[in-house]
Amino acid sequence: MFQLIMPKMGESVAEATILKWLKNEGDTIALDEAVLEIATDKVDSEVPSPKAGVLSKKLFAEGTVVKVGEAIALIAAENEQPTSAPVAAPSVNAPTVTAPPAPLASVANGQLPRSSDSGKFYSPLVRNIAQQEGVSLAELESIVGSGANNRVTKQDLLLHISNKSKGESTAPEVVATPKPAPVAITATPSAPSISVNGNNEIIEMDRMRKLIADHMVMSKQTSPHVTSFVEADVTNIVRWREKVKGGFEKREKEKLTFTPIFIEAVIKAIKDFPNINCSVDGNKIILKKDINVGMAAALPSGNLIVPVIKNADRYNLVGLTKAVNDLANRARQGKLQPDEIQGGTYTISNVGTFGNVMGTPIINQPQVAILAVGAIRKKPAVIETPEGDLIGIRHMMFLSHSYDHRVVDGALGGSFVRRVADYLEQWDLSREF
């Protein structure tokens, strides 16, 4: 009997959620055939079987969060008699599957159980926060979860605590002792009720859209956003790309887009202004030595994902082009690994892809800045020459730089985006690739 193990999806991934079983017990499984679909924070993946055989037993139900390295199914050889109760494999309710480490054991054995009578599962983090804030099990039961299978997430609980605290304005201790915990606890206006009639269609958010919504709200609550704008003359880049893109594609078997050119300019500007490449931890600023550039990519589903080019400053333009194309293609195919969307230190979003001339992007936490590049348009512009100023047709583009005003002031945020524009405007028409 072979145990199918929850695979390790990346260095920083410790668990995954079973989204869907693709095989039923008793079904035949070919070598490397997908058995189930799993999900981490943002990436959905299929788990193939390294052995051919028959699915003897599923050890977890759909929607269950399973630790990396745990057995999730038993696969018997086709000539092997399936075992109804294997000794070596944990069952669905086996305490070893989800038993927390020692520091969390007291939580599991305390007032708040891991699972309620109604079948709701509460993660150790949610239980810890609930106990610290005095949230009862009955209250937890009343919270409508936004996670998989309506699971209560950290953000759901913090929003509940925030709304609850607003009704206790007469208690001075609530105001006097704010907790230095996630900024999401800060009171926010309750969402207005929405009336629904026969002319409305109700669409349930999918898992990724819920995660995006939570992340965007958290970012706006965490960082005071400021946006600076610069218009750049990218005529030389447009002309150079038009001249070399055919030869580039023939030699490298890759399409040359504007994105790697923009990323190269961002990398140079980060080296000039390293304080833009940081995160905030309470009252501390964490300067990042690595330059990991995220590139926002739209998915066919309409959702958004941000794959990351790690150590982007080590790539030349050809390398950046291949990295950009590879990540974008695999993002659309749903084949990114969890580690490929984590660890970014700065993000760029190309809103020009949708014909937008500019945008005010939301910071991708825990970063402190994000750049949006708009559509390139032909416009009349003033051209300065030794003989005097002229009016000419130029290719112009807006750059929108949103930054966290807790640690990035206008001088740094504005100077950075101006430097990116300078690198783009100084493009060498004779450059070799």
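**Conventions.** I number residues from 1 along each chain as its sequence is written, and for this predicted model I need pLDDT of at least 70 for local features and 80 or more for side-chain atom pairs, while totals for chains, interfaces and linings use all residues. Side-chain values use heavy atoms, with hydrogens and water left out.

**First entry.** I looked up the open sheet with the order S1-S8-S6-S3 and found its 4 strands paired antiparallel (strands are DSSP runs of E of at least two residues, helices runs of H or I of at least four, numbered from the N terminus; two strands pair if DSSP finds at least two bridges between them). Strand S1 (2-5) and strand S3 (28-29) each have a single partner strand, so one side of each lacks a neighbour in the sheet. I traced 4 bridges between S6 (residues 53-58) and S8 (residues 71-76), with Lys58 partnered by Ala73 in S8.

**Second entry.** I then followed the open sheet S5-S4-S2-S7, also of 4 strands with antiparallel pairing. S2 (residues 15-21) is joined to S7 by 3 bridges, and Ala16 stands opposite Val66 in S7.

**Third entry.** I turned to helix H9 (residues 259-272) and helix H10 (residues 317-332), whose axes come within 9 Å and cross at roughly 120° (axes are lines fitted to C-alpha atoms, for helices over the stretch in contact, with angles from 0 to 180 degrees between N-to-C directions). In the contact (heavy atoms within 4.5 Å), I noted Ile263 and Ile267 among the H9 residues, and Leu320 and Val324 among those of H10.
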